[in-house]
Amino acid sequence: MADKRKLQGEIDRCLKKVAEGVEQFEDIWQKLHNAANANQKEKYEADLKKEIKKLQRLRDQIKTWVASNEIKDKRQLVENRKLIETQMERFKIVERETKTKAYSKEGLGLAQKVDPAQREKEEVGTWLTNTIDMLNMQVDQFESEVESLSVQTRKKKGDKEKQDRIEELKKFIEKHRYHIRMLETILRMLDNDSVQVDAIKKIKDDVEYYIDSSQDPDFEENEFLYDDLDLDDIPQSLVATSPPGHSHLEDEIFQNSSSTPTSTTSSSPIPPSPATCTTVRKSCGSLFCPHPTQEPLSSLKSMAEQAALTSGIEGDVASLHLTSDIFPSSTTASSGPPSAPQPSLSEVSILLSLGVCPLGPVPLSKDQLYQQAMQEAVWTHMPHPSDSERIRQYLMRNPSPTPPFHHQVPPPHSDTVEFYQRLSTETLFFIFYYLEGTKAQYLAAKALKKQSWRFHTKYMMWFQRHEEPKTITDEFEQGTYIYFDYEKWGQRKKEGFTFEYRYLEDRDLQ
């Protein structure tokens, strides 16, 4: 009974969203037809596309409920599905008009010259660029709101509601910046032909859903969004990185700024104080810190010494023989009048390794790190001469007889699948993960497969369908799944998960 009430509550919320979405669609539709210029029309066309995508996701959910046998009265669901499909047909009219504009004589002539694959790559690149800009715009809005709330909380201390909102906004900012880094990395990979266009298209709907709905109370993010792109294996030069310690810098700005409120925008940031920059420099630990320092830059001598230290070179840094004549202090140069040129220059002796790698060693690749770990493991577990000796049988000095009411032999038929099928699911998972390489593990896997569990070779976890997949193709299926998390030891639900068949362990266990 409780499950039915819960399901009805989900249906009511979905139908409410449909009504709001259709109303918003109608409003944008009217604005589109009343638009005065081409720029306004393009903006409303983009807004209309966002709304229709939201309605399409709701339509997919409704179709799942219509196909379910748990719901008896489906008239309201069918009516709302038809209502969404009507808006989809109306959107096709706008889409057709937009495409017709593109098929002018000049457009057709250009399309003949451009390779279709190249054009598709350019379209995906444009989408990535626009998405990054949109995320940056939202980050600017969040930061502006944080700044405004910070000024208010300083005037009125103890306002917990505003403080909670600031913490929430900071989490949004951090998550947005994570997605910006990922998308910038993907854009670089696209420019270098290190990623397939089809792979980027698969994450397009999820990214747009995040941008549109990340602030909704019932939003659930796809934690495996970028896993299929294998971003861990890309070269370090393609990885987009943001300046470290940035969030710490913002906190310092809000704490050290004056109590008098000032009007600022994203284009005119608040200049940080010297104390702030010193804190940032200490926090990031970078030789070439990107933050400005109202203090003078380090001298070339100290920079060279720092480079020698960070490069891991053995020996005393003093062996560089760097004199003040060669690297004059920037403080001296700025404080006094320009000095006369030196009559002669002293010789400088720099280690050869600094000439090869002045900014430190190149980080090892993933394969090299693995080989290094294997070598260390070999040295830790070197064979001992006694390992070649014959194993001696253990003989108890004081044998203790086992009472007859204890099991003297294993239970009958305990090495059969039928016996394992009578065990609980959690017991089967324990046997599978903790009795590796044994017949018991094999029988536990066989029993789990008979209970419709499927093993994912990438995540090394067992998955089971929670409901019929929303999308099924020859390469993957997508929907809601139950999976067993062996690290936290429990079953969890994952919505919108894409199960690629190439990661399915499908050997026939006979």
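Helix α6 (residues 160-191) comprises 32 residues and spans 47 Å from its first C-alpha to its last, close to the 46 Å expected at 1.5 Å a residue. The expected span is 1.5 Å times one less than the number of residues. Helices here are DSSP runs of H or I with at least four residues, strands are runs of E with at least two, and both are numbered from the N terminus. Just after α6, D193 adopts a positive phi of about 55°.

The model is predicted, with local features requiring pLDDT of at least 70 and side-chain atom pairs counting only at pLDDT 80 or more, whereas totals for chains, interfaces and linings use all residues. Residues are numbered from 1 along each chain as its sequence is written, and side-chain values use heavy atoms, with hydrogens and water left out.

The protein chain contains 16 helices and five strands. Of its 510 residues, 29% are buried, where buried denotes under 20% relative accessible area, exposed over 50%, and partly exposed in between (1.4 Å probe, protein chains only). The chain exposes about 35,500 Å², of which carbon and sulfur atoms supply 52%; accessible areas follow the Shrake-Rupley method with a 1.4 Å probe, and for residues only the protein chains shown count as cover.

T131 belongs to helix α5 (residues 116-155). This residue counts as buried because its relative accessibility is 5%. Apart from neighbours within four places in sequence, T131 is in contact (heavy atoms within 4.5 Å) with L183, V207 and I211.

Helix α15 (residues 425-434) has buried residues L428, F429, I431, F432 and Y433. These buried residues pack against α14 (417-421), α16 (439-450), β1 (454-456), β2 (461-465), β4 (476-485) and β5 (490-500). Y434 also lies in α15, but it is exposed, with a relative accessible area of 55%. Together with F430 and L435, Y434 makes a nonpolar surface patch of about 320 Å². Patch residues have over 30% relative accessible area and no salt bridge; like charges are joined within 9 Å and nonpolar side chains (Val, Leu, Ile, Met, Phe, Trp, Tyr) within 5 Å. A salt bridge places a side-chain nitrogen of Lys or Arg within 4 Å of a carboxyl oxygen of Asp or Glu.

| Strands | Bridges and direction | Opposite residues |
|---|---|---|
| β1 and β2 | three bridges, antiparallel | H456 and M461 |
| β2 and β4 | three bridges, antiparallel | R465 and Y481 |

In the hairpin of β1 and β2, four residues separate the strands, and M460 takes a positive phi near 55°.

Methods. Pairing = 2+ DSSP bridges.
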